[in-house]
Amino acid sequence: MVSAIAMLGVAVHAEERYGIGREATPAEIAGWNIDIGRDGAALPPGSGSVERGRIVFSEQCAACHGDSGQGGVGDRLVGGQGTLASPKPIRTVGSYWPYASTLFDYIRRAMPQNAPQSLSNEDVYAVSAYILSLNGIVPANAVLDAKSLAAVKMPNRDGFVSDPRPDVHNR
């Protein structure tokens, strides 16, 4: 009986409003609803070249990731191809990441670390192109946009396996 009363008190308390906060507006939700699907779904308009990416990377990314993406305070972004099955795998964009659209999504959402979401779509396309070029995945004269970025086949795209556990929904 005591536990039933305690449970009722917890349920009432959980439904209680504390008088702080408010519901997000549709505009606020839209500002954060920026995820990109692995197939490139929802990539925004714009484009960026490897050359422009080299400039933006130098200004916004090199302090953490090194001049050529070799790593520093931030993760290494370049190299490591062929090392994943070795005793010391090097997980980089070029060796490990399965989708180029994930690179765009991560840069747009979280970089630079001191000012996330501060880069324009054009600059994110450009930095993505530059990093992919450093890894030999796109040519040095590449210009990426929604269509061409989604078409990039990453070296490790087929290196992941589905999780066979029945409680995991593979997509």
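Colleague: Is R52 buried or partly exposed?

Modeller: In this predicted model, R52 is partly exposed, because its relative accessible area is 35%.

Colleague: Which residue does R52 form a salt bridge with, and how far apart are the closest N and O atoms?

Modeller: The partner of R52 is D123, and the closest N and O atoms of the two are 3.2 Å apart. The pair joins distant parts of the chain: R52 belongs to helix α3 and D123 to helix α6, 71 residues apart.

Colleague: And D123, is that residue buried or exposed?

Modeller: D123 is buried, since its relative accessible area is 15% and the cut-off for a buried residue is under 20%.

Colleague: What does D123 touch, leaving out residues up to four places away in sequence?

Modeller: D123 touches R52 and V56. D123 itself sits in helix α6, which covers residues 121–134.

Colleague: How many salt bridges are there?

Modeller: The count comes to 5 salt bridges. One of them joins the side chains of E51 and R54, at 3.3 Å from N to O. Another joins R109 and D105, at 3.2 Å from N to O.

Colleague: Where do E51 and R54 lie relative to each other in the helix?

Modeller: E51 and R54 are 3 residues apart in helix α3, so about one helical turn separates them. E51 is partly exposed, with a relative accessibility of 44%, and R54 is also partly exposed, at 36%.

Colleague: What about R109 and D105, how many residues apart are they?

Modeller: They are 4 residues apart in helix α5, so about one helical turn lies between R109 and D105. R109 is partly exposed, with a relative accessible area of 30%, whereas D105 is buried, with 15%.

Colleague: Let us change topic. How many helices and strands does the protein have?

Modeller: The protein has 7 helices and 2 strands. From the N terminus, the elements follow the order α-α-β-α-α-α-α-β-α.

Colleague: What share of the residues is buried?

Modeller: Of the 171 residues in the protein, 33% are buried. The protein exposes about 11,000 Å², and carbon and sulfur atoms supply 57% of that area.

Colleague: How many residues does the largest nonpolar core have?

Modeller: The largest nonpolar core has 30 residues, and those with the most contacts inside it are F57, I107, I131, L132 and L149. Helices α3, α5 and α6 each supply at least two residues of this core. The largest share, 7 residues, comes from α6. As general background, nonpolar side chains in soluble globular proteins tend to be buried together.

Colleague: You mentioned I107. What is I107 in contact with, leaving aside its neighbours within four places in sequence?

Modeller: I107 is in contact with L119, V124, V127, S128 and I131.

Colleague: Which residues of α5 are buried?

Modeller: The buried residues of α5 are A100, S101, L103, F104, D105, I107 and R108. Their cover includes α6 and α7.

Colleague: Now the rings. How many aromatic pairs are found in the whole structure?

Modeller: The search finds 4 aromatic pairs. One of them is F57 with Y130, a tilted pair with 5.3 Å from centre to centre and 55 degrees between the planes. This pair links distant parts of the chain, with F57 in helix α3 and Y130 in helix α6, 73 residues apart.

Colleague: Are F57 and Y130 buried or exposed?

Modeller: F57 counts as buried because its relative accessibility is 1%. Y130 counts as buried as well, at 5% relative accessibility.

Colleague: What kind of aromatic pair do Y96 and F160 form?

Modeller: Y96 and F160 form an edge-to-face pair, with 5.2 Å from centre to centre and 65 degrees between the planes. The pair links distant parts of the chain: Y96 is in the loop between α4 and α5, and F160 is in the segment after α7, 64 residues apart.

Colleague: Are those two buried or partly exposed?

Modeller: Y96 is partly exposed, with a relative accessible area of 30%, and F160 counts as partly exposed at 40% relative accessibility.

Colleague: Which residues form the nonpolar patch on the surface?

Modeller: L84, Y96 and F160 form that patch, and together they have about 240 Å² of accessible area.

Note on methods: Residues are numbered from 1 along each chain as its sequence is written. This is a predicted model: local features need pLDDT of at least 70, side-chain atom pairs count only at pLDDT 80 or more; totals for chains, interfaces and linings use all residues. Side-chain values use heavy atoms; hydrogens and water are left out. Contact means heavy atoms within 4.5 Å. A nonpolar core is a set of buried Ala, Val, Leu, Ile, Met, Phe, Trp, Tyr and Cys residues joined through side-chain atoms within 4.5 Å. Buried means under 20% relative accessible area, exposed over 50%, partly exposed in between (1.4 Å probe, protein chains only). Patches are made of residues with over 30% relative accessible area and no salt bridge: like charges are joined within 9 Å, nonpolar side chains (Val, Leu, Ile, Met, Phe, Trp, Tyr) within 5 Å. Accessible areas come from the Shrake-Rupley method with a 1.4 Å probe; for residues, only the protein chains shown count as cover. A salt bridge is a side-chain nitrogen of Lys or Arg within 4 Å of a carboxyl oxygen of Asp or Glu. Rings of Phe, Tyr and Trp (its six-membered ring) pair if their centres lie within 6.5 Å; planes under 30 degrees apart count as stacked, over 60 as edge-to-face and the rest as tilted.
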